[in-house]
Amino acid sequence: MSVQERSNKVRSLNLCFNCLGHHLIKNCLKLNRKCRVCNANHNSLLCKTSVPQPISEPHQNRNLPSPQSSSGVIYDPSPATVINPQTATFLYNEVGKKSILLSTVKVKVQSATGGWLVMNAILDSGSQKCLCSLEASNFLGLEKYSMNSIVGLNGACISVRKRISAEISNGSSFKTKLNFLIVPKITGCVPTQPLDLTKIKLPQNITYADAEFNIPKPIDILLGEAIGIKAESSCDPDDQAMQHFKSSVRFNSGRYEVGFLWKGHTQELNDNFSVAEKRDKSLTRRFIRDPTLYIQYSEILKEYESQGKIERVLETEKPTDRAVFYLPHQAVFRQESLTTKMRIVFDASSHEDGQPSLNDCIWSGGNLNPNIFHLIISFRLYTIAITSDIERAFLQISLRDEDRDAVRFLFPDIRSNQTDPCKFQVYRFKRVMFGVNVSPFLLSATIKQHIESYREQYPAATEMLDTCLYVDDVISGAEMTSPKP
């Protein structure tokens, strides 16, 4: 689309020629913002002045397309190029030096009027968020939602107060809706100067994600991991853990059910019974010396059993089709806690000599929590603090039946066996328990799965939970409270 066609489109939509907002230029509050090309009071996308070319030899730029045909946001009803990050990065030799081109694509974004606008996007597989420049968000005219977050951009921390939700497409089969954080500017023009294609040997039989990758243009949006752009890492344990989780998670009887992420065959795991028995005999002697501790311990386990978190194992034969592992445990006291003074901690890292532990045989999964520093800084920006947590979060998630024998434990029945206090009852967990290395990953992944299922219905609440939830704690805030009726 030419500059004149863009001007006509802006005029027909009654947009501001300066900031592309939904008002006339005489009412614009941003007249101090000048055109990046000629410094006049109009948007850079509507400038009729050609972008200055760098000084070069007469033959250097003879085959370069016109730069003005690729700058900024363009209204285009035709299909956009298919997004293909593998064809978007090139090396350019200039006087013996190598300069790297950033991965760019042309992508369609649906505006508030329902039309599709072609925007310049940069691909960043290292970013967990998608970004949109303030100028591009104004041009789209979509509703802006309030938020409060910190993002790292161009080596600096930026406070983000607004976001938009927009649908993007490649003009063909691919289409998805993404949340974009609004930032003042993503980066400068990419590339920084025009490139002479006659000096680069490019394949002729492929379709480029950005056919005008050699022409400097402003970047409107940044696409991160949310769109699935990620380097190939099929052998990465964290990726395998997430793939296994997504393929195995279930929602049964009002509760999510997950499984352990085994590294290999479960029969490689020794049952660890001798270690668990030895440590539980030591615990039993402590119970005899301190009956109050035994009562506290028993009450917790009775509560777990009544709530369906653990169950008794009545079969005496060891199953052969699944992993069996006995967990030692001990009491940990937290006098400063307002709710639970004593908690039972299980040791999934214990093992017999020369044998692997339960934690050795399970992938731990990746860290899905937000950056704690950014979270705390963002939390301190609010006037009113809001904190909460999920009660016994790990135990709210069911563990699939075939993995429950891997989390067995022993407990003495002292009251019923006075003559033999070291006669143990066998229990096993039916829920995800704290102490297994994969449990934090399973908790975070399950919470994110639950949040995602309600994103369309409650966009503001899910965005807050997605960015302000650390493990099982919500750390957020607000600027003001609603007036009482």
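These legends describe close-up views of a predicted protein model.

**View 1. The whole protein.** The protein holds eight helices and 21 strands. Of its 485 residues, 44% are buried. Its accessible surface comes to about 26,300 Å². Carbon and sulfur atoms supply 51% of that surface. Take the contacts with a separation of 6 or more: residues 24 or more positions apart account for 70% of them.

**View 2. Helix α1 and its buried face.** Helix α1 spans residues 3–12. Which of its residues are buried? They are Val-3, Arg-6, Ser-7 and Val-10. Seen down the axis of α1, these buried residues fall within an arc of 100°, so they line one face of the helix. An α-helix has 3.6 residues a turn, so residues three or four places apart point the same way. The buried residues of α1 pack against α2, residues 134–140. Just after α1 comes Asn-14, with a positive phi of about 55°.

**View 3. An open sheet of three strands.** The strands run in the order β16-β21-β20, and their pairing is antiparallel. Which strands stand at the edges? They are β16 (384–389) and β20 (469–470). Each has a single partner strand, so one side of each is left without a neighbour in the sheet.

View 4. Strand β21 covers residues 473–478. Two bridges join β20 to β21, and the two strands run antiparallel. Leu-469 stands opposite Val-474 in β21. Strands of a sheet pair through backbone hydrogen bonds. Helix α8, residues 459–468, lies across β20 and β21. The helix runs at about 120° to β21.

Conventions: Residues numbered from 1 in each chain as written. Predicted model: local features only at pLDDT ≥ 70, side-chain atom pairs only at ≥ 80, totals over all residues. Heavy atoms only, no water. Buried < 20%, exposed > 50% of the residue type's maximum accessible area, 1.4 Å probe, protein only. Helix = DSSP H or I, 4+ residues; strand = E, 2+ residues; numbered from the N terminus. Arc of directions from axis to C-beta. Contact = heavy atoms within 4.5 Å. Pairing = 2+ DSSP bridges. Axes fitted to C-alpha atoms, helices over the stretch in contact; angles between N-to-C directions. Areas by Shrake-Rupley, 256 points an atom, 1.4 Å probe, with all protein chains shown as cover.
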